[in-house]
Amino acid sequence: MVWAESVPRVWRERVKKYRLLGGKCLKCGSVVYPYRPACPYCGHEELQPLELSRRGRVINFTIIRHPPTGFVGKEPYVVAIVELEDGARVLAQLTDVKPEDVKIGLEVEAVFRKYREQASNGVIEYGIKFRPV
Ligand SMILES: [Zn+2]
């Protein structure tokens with residue numbers, strides 16, 4: 001993968017700084033990603049911003065063979081629920097792995113990757129994906 005060679009410097013700089021910013025509920029202690037103003041578990045409105053671990057494991061996954069508009073041509077790909085070491089659960093694509101090699105309990109780490117390119121204006125969307133450790 002020569003991804004880092006093919007993107008502008010500004011993006012490489014951004015990747016270095018990229019963090020998984022979640023929040024910890026000050027009432028029930030739940031850790032959530034991404035950060036949000038209210039706890040999805042107890043409704044409490046005080047969450048402390050928390051930089052999350054980039055590592056976790058797959059707790060559930062689906063192989064996408066009929067993707068929605070914008071992802072056509074990328075199939076098959078895997079969307080997984082990853083439980084981070086902090087306990088937060090993240091829904092994201094897996095990368096650098098064949099769908100048939102994915103299994104529950106697979107150890108993964110977060111990476112910053114291209115999601116898709118908007119055909120209309122060429123804007124490239126980036127986000128978190130997970131790859132096997
Ligand atoms: Zn809570």
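Residues are numbered from 1 along each chain as its sequence is written, and side-chain values use heavy atoms, with hydrogens and water left out. Because the model is predicted, local features need pLDDT of at least 70 and side-chain atom pairs count only at pLDDT 80 or more, while totals for chains, interfaces and linings use all residues.

Figure 1. Ideal angles for four tetrahedral donors are 109.5 degrees.

Figure 2. Cys25 in strand 1 (residues 21-25) and Cys39 in the loop between strand 2 (31-32) and strand 3 (47-51) are 14 residues apart and link distant parts of the chain; strands are DSSP runs (E, at least two residues), numbered from the N terminus. Cys25 is buried at 3% relative accessible area, and Cys39 is buried at 4%. Buried means under 20% relative accessible area, exposed over 50%, and partly exposed in between (1.4 Å probe, protein chains only).

**Figure 3. Salt bridges of Glu83 with Arg57 and Arg89.** The whole structure contains four salt bridges, each defined as a side-chain nitrogen of Lys or Arg within 4 Å of a carboxyl oxygen of Asp or Glu. The closest N and O atoms are 3.4 Å apart between Glu83 and Arg57. Glu83 lies in strand 5 (residues 77-84) and Arg57 in strand 4 (residues 55-64), so this pair ties together parts 26 residues apart in sequence. For Glu83 and Arg89, the closest N and O atoms are 3.1 Å apart. Glu83 is buried, with a relative accessible area of 18%, whereas Arg57 is partly exposed at 38% and Arg89 is partly exposed at 48%.

**Figure 4. The salt bridge between Glu109 and Arg131.** The side chains meet at 2.9 Å, N to O. Glu109 in strand 7 (residues 107-117) and Arg131 in strand 8 (residues 124-132) link distant parts of the chain, 22 residues apart. Glu109 is partly exposed at 22% relative accessible area, and Arg131 is partly exposed at 27%.

Key. Helices (H or I, at least four residues) and strands (E, at least two) are DSSP runs, numbered from the N terminus.
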